[in-house]
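Work through the exercises below with the structure open. Each task is followed by its solution.

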Amino acid sequence: MAIVKKFRIISYKKRDTLLSLENISFSFNKNHQILDNISLDIPKGQILGLLGSNGTGKSTLMNIISGIIKPNYGKIKIKGTDVTKLPVYLRTRKFNISIIPQFGGLFSSMTAEQNLRAVAEILIEDKSFITTKINELISKFELDSVKKIEAKYLSGGQKRRLVIAMGLISKPEIILMDEPLAALDPQTIQMLQNTIVKLQTDLNLTIIITDHQARDLLAICDKAIILSNSKIVASGTPNELMNDSNANKFYFGKNFQFK
Ligand SMILES: Nc1ncnc2c1ncn2[C@@H]1O[C@H](COP(=O)(O)OP(=O)(O)OP(=O)(O)O)[C@@H](O)[C@H]1O
Ligand SMILES: [Mg+2]
């Protein structure tokens with residue numbers, strides 16, 4: 001998987017755990033267990049990929065981490081503090097978590113710029129800094145030519161870039177990104193890959209990311225886990241997963257091209 005070498009794969013052996021999941025189990029109803037006894041330690045500054053077939057519970061796990069969904073069993077700890085009972089607004093604010101949702105996340109009748117301003121006015125205390133921050137994000141995410149266009153008219157890629165830009169206004173420490181690379185053209189994917197890796201290298205952000213663009217996702221992850229039948233069936237660096245029989249059996253399949 002040559003593309004992995006473009007980026008820095010970081011060794012986390014000596015780093016402190018930032019976020020841990022302890023024996024998380026969850027079901028929406030009695031007949032269908034979505035997550036069963038999931039445990040995971042995520043060190044600060046890691047990019048962790050969540051892989052798994054459709055419906056295996058990746059978005060559900062993200063929602064459990066952010067507090068949108070309460071697990072039936074188990075604990076979520078951030079910096080050693082048990083946050084399992086902390087409501088989403090307190091959890092995201094106190095521990096600087098930003099959620100980039102799989103769908104939506106925009107005010108569709110507001111322009112790209114107004115979307116950024118709406119979030120910035122809530123989150124940035126120094127009001128004189130708001131316009132500077134908005135302009136910085138518009139430029140960083142190449143939204144200049146569409147900043148006056150209502151969000152509902154933006155292309156899929158422009159919407160994704162805008163929603164990620166909005167997610168950065170709060171200066172997050174942890175970012176949860178649900179399928180940020182879905183349905184994007186190759187150059188936009190590369191631009192977002194670089195942006196995501198820069199968030200890690202420049203700001204030491206911890207990023208948990210799902211996507212079915214598995215090759216593109218593995219190219220930027222330090223570690224990934226594979227969910228299947230409610231469990232973590234494989235976990236490791238992208239190179240380790242390439243040779244993992246469970247990873248191939250439960251997710252990649254025989255014909256998956258890693259390069
Ligand atoms: N509110 C809900 N009520 C009942 N079942 C739900 C609810 N939300 C999700 N599910 C079910 O939970 C399972 C896991 O859904 P989830 O959205 O977490 O999957 P996913 O791994 O993110 O899938 P995808 O790759 O398609 O995004 C699915 O079977 C889904 O139908
Ligand atoms: Mg999902």
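**Exercise 1.** State how H3 and H5 are oriented relative to each other, and say which residues meet.

Solution. H3 and H5 are roughly parallel to each other, because their axes cross at roughly 20°. Angles under 35 degrees count as roughly parallel, over 145 as roughly antiparallel, 65 to 115 as roughly perpendicular and the rest as oblique. The axes of H3 and H5 (residues 156-168) come within 9 Å. Axes here are lines fitted to C-alpha atoms, for helices over the stretch in contact, and angles run from 0 to 180 degrees between N-to-C directions. Helices are DSSP runs of H or I with at least four residues, numbered from the N terminus. Next, the handedness: H3 passes H5 in a right-handed crossing (the near helix is turned clockwise from the far one by less than a right angle). Last, the residues: Ala112, Asn115, Leu116 and Val119 of H3 meet Leu162, Ala165 and Met166 of H5. Contact requires C-beta atoms, placed from the backbone, within 7 Å. By class, this contact holds 6 nonpolar, 1 polar and no charged residues (nonpolar: Ala, Val, Leu, Ile, Met, Phe, Trp, Tyr, Cys and Pro; charged: Asp, Glu, Lys and Arg; polar: the others, Gly among them).

The model is predicted: local features need pLDDT of at least 70, side-chain atom pairs count only at pLDDT 80 or more, and totals for chains, interfaces and linings use all residues. Residues are numbered from 1 along each chain as its sequence is written, while chains are lettered from A and ligands numbered from 1 in the order in which they are written.

**Exercise 2.** Describe the crossing of H3 and H4.

Solution. Start with the axes of H3 (residues 112-123) and H4 (residues 130-140): they come within 10 Å and cross at roughly 135°. H3 and H4 are therefore oblique to each other. Their crossing is right-handed. H3 contributes Glu113, Leu116, Arg117, Ala120 and Glu121, and H4 contributes Ile130, Lys133, Ile134, Leu137 and Ile138. The classes are 6 nonpolar, no polar and 4 charged residues.

**Exercise 3.** Which element gives the largest share of the shell around ligand 1?

Solution. Helix H1 (residues 58-66) does, with 3 residues. The residues around ligand 1 include Phe28, Ile34, Lys58, Ser59, Thr60 and Gln102 (C-beta atom, placed from the backbone, within 6 Å). The shell has 2 nonpolar, 8 polar and 1 charged residues.

How values were computed: Helix = DSSP H or I, 4+ residues; strand = E, 2+ residues; numbered from the N terminus. Contact = placed C-beta atoms within 7 Å.
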